[in-house]
Amino acid sequence: MSQSQHQVHGTLQAPEKDSELTTNETWVGFENVDMITVSRSGTFDGQGVLPWSRKTAAKAKIVLDVSSLNSKNFHIHVFRCINVTFQHVHITAPGDSKNTDGIHIGKSTGINITHTNIGTGDDCVSIGDGSNQITVINVTCGPGHGISIGSLARYNNEESLAGIRVKNCTLTNTQNGVRIKTWPNSPLATTASDIHFEDIIMVNVGNPIVIDQLYCPYKKCDNLSPSKVKISNVSFKNIKGSSATALALKIVCSSGSRCENVELTDIDLTYNGAKGTLTSQCLNVKPTISGLISALACATSIVMPPPLI
């Protein structure tokens, strides 16, 4: 076991070229360390205004009052970590920067993100497979793609996920709001359970509430087998604000493994755009619904898939 403290003053810049990194795909990294603190008001500048190509990785126990600017890929990548806290962290990159997730979590347990500001070109927070007991509280997000669970079920070594709580967050001008996304044609069966979104404010957010088990942004996915991720015990509570799209609530679950125990409570979203009227879409799910206007309460009955031939 080792213990250390690191204070960052001023600006620490990454090399302009990936070839100048001393460790492949990592600029600042902490590994095999217990009881580490990274603090003060310094800035990690990834110089990603050049090609947005490599990740900035940071693995630590406590990260306080630091900033990450223009990472070439993920700003912070938390992988196989236990009991890590991020507090008063500031992450900044242009809205059109590619693959610049603010904080990405994978195969980790006991990760806490609180009182943090993230504006970037991808997910503000993304939570991958194998993650358990993750809390995201008092985070502001925008620009970016929102706060996401997944994407899940793309690779053959993925693990189940459980115990995610997102609370008291504000999303502004993001592409999506809070969402769970899984790929079709999963290589193996996994689960995603006990996921709770509560007290969220949406300001001009595209697709504020999403479960998408047909997620497939890069290729044609027609006629692929349904996702094998079993989603259960999910709640969306007290979510208010404005949607930038008419489709404010989308819950599309797998025909092969329907979502169970989904709760929609006290959701108040408005849409003032010119492309249709406020609406919702639901498939293969029968959630518990209360405190929603009829336009957002599309899933009052289960929608059955066509029979297999």
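In this predicted model, the largest nonpolar core holds 62 residues, and Phe86, Phe236 and Ile267 touch the most other members. Strand β17 (residues 190-205) supplies the largest share of this core, with 6 residues. Leaving aside neighbours within four places in sequence, Phe86 is in contact with Val63, Ile76, Val78, Ile103, Ile111, Asn112, Ile113, Thr114 and Thr116.

Several of the strands can be followed through their pairing with β11. Strand β8 (residues 82-87) pairs with strand β11 (residues 109-119) in the parallel sense, over 5 bridges. Within β11, Thr109 is the bridge partner of Ile82. Strand β9 (residues 90-92) also runs parallel to β11, and 3 bridges join the two. Here Ile91 stands opposite Ile118 of β11. A further parallel pairing links β11 with strand β13 (residues 132-141), this time over 8 bridges. In that pairing, Ile111 stands opposite Ile134 of β13. Ile111 is also one of the residues in contact with Phe86.

A search of the whole structure finds 2 aromatic pairs. In one of them, the ring centres of Trp183 and Tyr215 are 5.4 Å apart and the planes meet at 85 degrees, so the pair is edge-to-face. Trp183 sits in the loop between β16 (178-182) and β17, while Tyr215 sits in the loop between β18 (209-212) and β19 (229-243), so that the pair links distant parts of the chain, 32 residues apart. Trp183 and Tyr215 are both buried. The rings of Phe197 and Phe236 make a stacked pair, because their centres are 5.1 Å apart and their planes lie at 10 degrees. Since Phe197 lies in strand β17 and Phe236 in strand β19, this pair ties together parts that are 39 residues apart in sequence. Phe197 has a relative accessible area of 0% and is therefore buried. The value for Phe236 is likewise 0%, so Phe236 is buried.

The loop between β13 and β14 (147-152) contains His145. In the unreviewed UniProt entry, the feature "active site" is placed at His145. With a relative accessible area of 18%, His145 counts as buried, because the limit for that class is under 20%. Apart from neighbours within four places in sequence, the contacts of His145 are Gly121, Asp122, Asp123, Gln175, Asn176 and Arg179. The His145 side chain reaches the backbone oxygen of Gly121 at 3.2 Å.

Pro143 is found in the loop between β13 and β14 as well. The peptide bond leading from Gly142 to Pro143 is cis, with omega near 0 degrees. A cis peptide bond also joins Gly150 and Ser151, where omega is about 15 degrees, and Ser151 is found in strand β14. Asn207, which is not a glycine, has a positive phi of about 50 degrees and is found in the loop between β17 and β18. Asn233, also not a glycine, has a positive phi of about 55 degrees and lies in strand β19. Asn207 is partly exposed, with a relative accessible area of 24%, and Asn233 is partly exposed at 29%.

Notes. Residues numbered from 1 in each chain as written. Predicted model: local features only at pLDDT ≥ 70, side-chain atom pairs only at ≥ 80, totals over all residues. Heavy atoms only, no water. Pairing = 2+ DSSP bridges. Helix = DSSP H or I, 4+ residues; strand = E, 2+ residues; numbered from the N terminus. UniProt positions renumbered as here; feature names shortened; annotations may be inferred. Buried < 20%, exposed > 50% of the residue type's maximum accessible area, 1.4 Å probe, protein only. Contact = heavy atoms within 4.5 Å. Polar contact = N/O pair within 3.5 Å; in protein donor to acceptor, adjacent residues only side chain to side chain. Core = buried A, V, L, I, M, F, W, Y, C linked by side-chain atoms within 4.5 Å. Phe/Tyr/Trp six-rings, centres within 6.5 Å; stacked < 30°, edge-to-face > 60°.
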